[in-house]
Amino acid sequence: MYDPYTPIITSQPLEDFRQHVRENLVKGVNGEGDEVDFVPPSALTNYWSRDRVDTILGCEQSNSEMIVSSFSHVFSILVYIGQPQEITWFCKHRGYLDDVKLPFYNSSFPRACRWTDSFLATQWMFIPLILTGDKIFNRVLPPQTILPVNYVKPLTKHFDGQDTATLWEVKVHPEANKVTSEAQKGQPVVFKIFEGSDAEKLFNDETNVHLKLRARHNHYITKHFGSFSFEGKHKCIIVLEYAAGGSLQDFLQKTDPPVTREDIILLWSRLIKLLDGLHVLHGLHKPDGPSNWFLAGIHQDIQPANILVFPQGGSDSRFDVKFKLTDFGLTEFGRVSCVAPESFANYSVQLAVQTNVSPVADIWAIGAVFSDALIWSICDEGGREKYRLRRQAEIASQPHFKERGIDACFHNTEGRLKAVDNFHRFALDNRRIRDNVSEYMSSLILDFMLVDQTERLTAMQIKTRADKWLKGIQDGPTDRGDCPPPSHGLTREQTNDISVLPQSPSHHGDELQHVTRRRTVPAGRSDFFAKDSLYTDPDAAFDEPPTPPFPQTQPPSQVAEQPIRSTGIVTIESVYALMETPSRRRSVLSPLSPRPDKSTVIMDLPGMEDARRKIKAYNGRDQVMVIDDYSSMQPHMEQVKKGARVVSYVAKTADDNGMEVYAASEAARKPRICTTSTQIEKEIGKMKTVEGKCDMGACLNHILDKVLIDGKKVKPTSIYIYTDGAWEPRTNVEQAIYRAIDHLIETGQPTSTLMLQFVQFGRDENGTRHLRSLDDDCTKQVGSKTYDIVDTRHCHDPVPKIVLGSISASNDWE
């Protein structure tokens, strides 16, 4: 049989090249899993020149420059197999058979070609796979493809007989690594390898999530660099960024808990940012079909092992890290300890189907992770292990947990375990003196996360509360004495200082020597964490009568929970304050406490329900928010965020496909689509003001280009413009308004079809005059019909009137 590596033609220049190749070979791995040699690209580009091409071919060539620039890999293969003269045939087919088109196949060559097999067998060593985002995204590769990588070490174990994914730390040859940034060039990547008969399905499930996330890059979701599979092989690979800090599970096991107030705040501020990633993921929660809608935007497997840790190196603190979510949609419901009660399969029939669950299942899971981290931050890794054993002991008597191999979850399939509440109380009463964070985080976890699915808040609602609290205390009180203390029904005499928890290593400094903790168990129970007590009597430390619930800690900046009584004028500020007020939810320990519906309270304010009813009458009406983001609006942007959130909260019921948000400076671009008022507030918060004055006329024309389609009726649309009116002097807003009116007249549609509601912020005199002129003068009379689509309001005007604008004639005339 012919050996493809035996050259057909031998000469000194050809042998010199082959020697150069042998000296530069590097080890890689092909799709079969075999270790093979390849030639780095630079070994070819640095070798070939016009003179060397001419020397190989024996004479000066007119196309030698083209060979060097477009055929260096093809020519290298030909030289290596002893057929350099055949390059002229390839040059005649430039664009079809050049380097860019490699690899070639039988069909690429004439049938009578004698060296086809030699070329096809040799080409792979000269064309290792270059890892670029566009070239390796969801590609099917020939199994001969050489991956220019070295497998460093496995990051997970592979379980024999199971179709699971294994993770490998992989070093990519620097010339083939085009996916990491220059700063990360020397860092490894992670190969997530799916093997087995079900590999393709598992691979596709996760790849589909990454595909949807590509347009929504988030700093708190692990970067996906690409994915590929090998033709005819049950082997698929996803390429992910490498986490130098390992997983959160590793972090908790190897890191000492925070001691200083600054580190405690830093730890929680970084953990809370995971909710940003979860919010983005939940934004994908839209049906793709009846069989897989629930995979679209739910993680389904949040646990410490699926949260990665990326050291930032910005400070000396070991908590200067970034946490990121990873591993999407691969879990089998009910096998992991952080799974939500509604996702747990109690009966065997539930294992045969994939239960449709909503994104709030992830809220429970991230709450379980936060609960674990809270106990660790106070009680060390030893205390976290005791917490796991407590939960394990509480569910040990329930056979369906044992049958499913459940280790220690946070519920009994009906509600939260008692061990969770008990351990939180114990930990809080033994936290460090300067820790004024843990109590609030515990309240957040127990009141809004580890609760019934109807009671859970969204990821962004939770993050907003936590961010506000952390921001409030960073420059605020430094001692727990400045915060409302927990009330556990104990007298001062009962709270003696003890040291029942494992002490942190002494290398943290002298501050530890002065750490005192308070006991919440009767005298003689200081062995709460003793090993024997955990196994002999798991509830011994908490067999006293239940203590009353401690009050939910509120940050100083947070609005009190008392309903705001309207004085008759419903302002943006008053409605926004109500929206930010935490709902009174039933406490786990006080299930009969009142729980008013915040939405009902808001809509009961004067005029609010009437405004929503009139807006809702135009079901399917598009809602567009235009934000004047020029420099004169800088002082008003916080108020603009509030105003847009309040207005969209009332108006969103009419928009069935998401509300559009434009920055005036970017009106020609695609809008941001938001389905909730909270999303709108967040999007406006991302906007940066730009220098200069707004050309509002041009801005509105860009938006109207998308609304007014020649010869077609206009879809009912409300456009809210948040501005100070201090625009470019030559802007022609009037022309845009009359253009819209003329279109309504041509299509025979009523004036209420389109509304331009200008909401003024500040008191710019010229702006006020201009806005009043638009409202009063930009009308057109056709027979008995008056076309008036403009209304102007100040941000301090009643909310119902801002919402309705010119839709209601009486509202506009008023």
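**Entry 1: helix α15**

I began with helix α15 (residues 418–428), where 10 of the 11 residues are buried, so the helix is largely enclosed by the rest of the structure. I took buried as under 20% relative accessible area, exposed as over 50%, and partly exposed as in between, with a 1.4 Å probe and protein chains only. I took helices (H or I, at least four residues) and strands (E, at least two) as DSSP runs, numbered from the N terminus. The buried residues of α15 are Ala-419, Val-420, Asp-421, Asn-422, Phe-423, His-424, Arg-425, Phe-426, Ala-427 and Leu-428. I looked up their packing and found α13 and α16 (438–448) against them.

**Entry 2: basis of the values**

I note that this is a predicted model, in which local features need pLDDT of at least 70 and side-chain atom pairs count only at pLDDT 80 or more, while totals for chains, interfaces and linings use all residues. Residues are numbered from 1 along each chain as its sequence is written, and side-chain values use heavy atoms, with hydrogens and water left out.

**Entry 3: the chain as a whole**

I recorded 28 helices and 21 strands in the protein chain. Of its 814 residues, 53% count as buried. Taking a contact as heavy atoms within 4.5 Å, I found that residues 24 or more positions apart account for 71% of the contacts with a separation of 6 or more. The chain exposes about 36,800 Å², of which carbon and sulfur atoms supply 50%; the area comes from the Shrake-Rupley method with a 1.4 Å probe, and for residues only the protein chains shown count as cover.

**Entry 4: nonpolar cores**

I defined a nonpolar core as a set of buried Ala, Val, Leu, Ile, Met, Phe, Trp, Tyr and Cys residues joined through side-chain atoms within 4.5 Å. The largest has 60 residues, and those with the most contacts inside it are Phe-251, Trp-268, Leu-271, Ile-307, Phe-323, Ile-366 and Phe-370. Helix α13 (residues 360–395) gives the largest share of this core, 16 residues. I then listed the contacts of Trp-268 beyond its neighbours within four places in sequence: Phe-370, Ala-373, Leu-374, Ser-377, Val-437, Met-441 and Leu-470. Apart from this core lies another, of 40 residues, including Ile-572, Leu-578, Val-650 and Met-687.

**Entry 5: salt bridges**

I counted 32 salt bridges, each a side-chain nitrogen of Lys or Arg within 4 Å of a carboxyl oxygen of Asp or Glu. In the pair of Arg-270 and Asp-320, the closest N and O atoms are 2.9 Å apart. Arg-270 lies in helix α10 (residues 261–272) and Asp-320 in the loop between β10 (307–311) and β11 (321–325), so the pair ties together parts that are 50 residues apart in sequence. Asp-320 is buried at 8% relative accessibility.

Arg-384 and Asp-372 meet at 2.6 Å, N to O, and both residues are buried.

For Glu-683 and Arg-672 I noted a salt bridge at 3.1 Å, N to O. Glu-683 is in helix α23 (residues 677–686) and Arg-672 in strand β16 (residues 672–674), 11 residues apart. Glu-683 is buried, with a relative accessible area of 17%, whereas Arg-672 is partly exposed at 26%. Both belong to a network of salt bridges that links Glu-666, Arg-669, Arg-672, Glu-683 and Lys-686.

**Entry 6: cysteines**

I searched the whole structure for disulfides and found zero, a disulfide being a pair of cysteine sulfur atoms within 2.5 Å. The sulfur of Cys-694 has its closest cysteine sulfur in Cys-699, at 5.5 Å, too far for a bond. Cys-694 is buried, with a relative accessible area of 1%, and Cys-674 also counts as buried at 1% relative accessibility.

**Entry 7: strands**

I treated two strands as paired if DSSP finds at least two bridges between them. Strand β17 (residues 717–723) runs parallel to β18, joined by seven bridges; Thr-717 has Leu-754 in β18 as its bridge partner. Seven of the seven residues of β18 (residues 754–760) are buried, so the strand is largely enclosed by the rest of the structure. Leu-754, Leu-756, Phe-758 and Gln-760 point one way from β18, and Met-755, Gln-757 and Val-759 the other way.

I also looked up an open sheet of three strands, ordered β2-β1-β4 with antiparallel pairing. β2 (35–38) and β4 (146–147) stand at the edges with a single partner strand each, so one side of each is left without a neighbour in the sheet. Two bridges join β1 (residues 26–30) to β4, and Asn-30 has Ile-146 as its bridge partner in β4.
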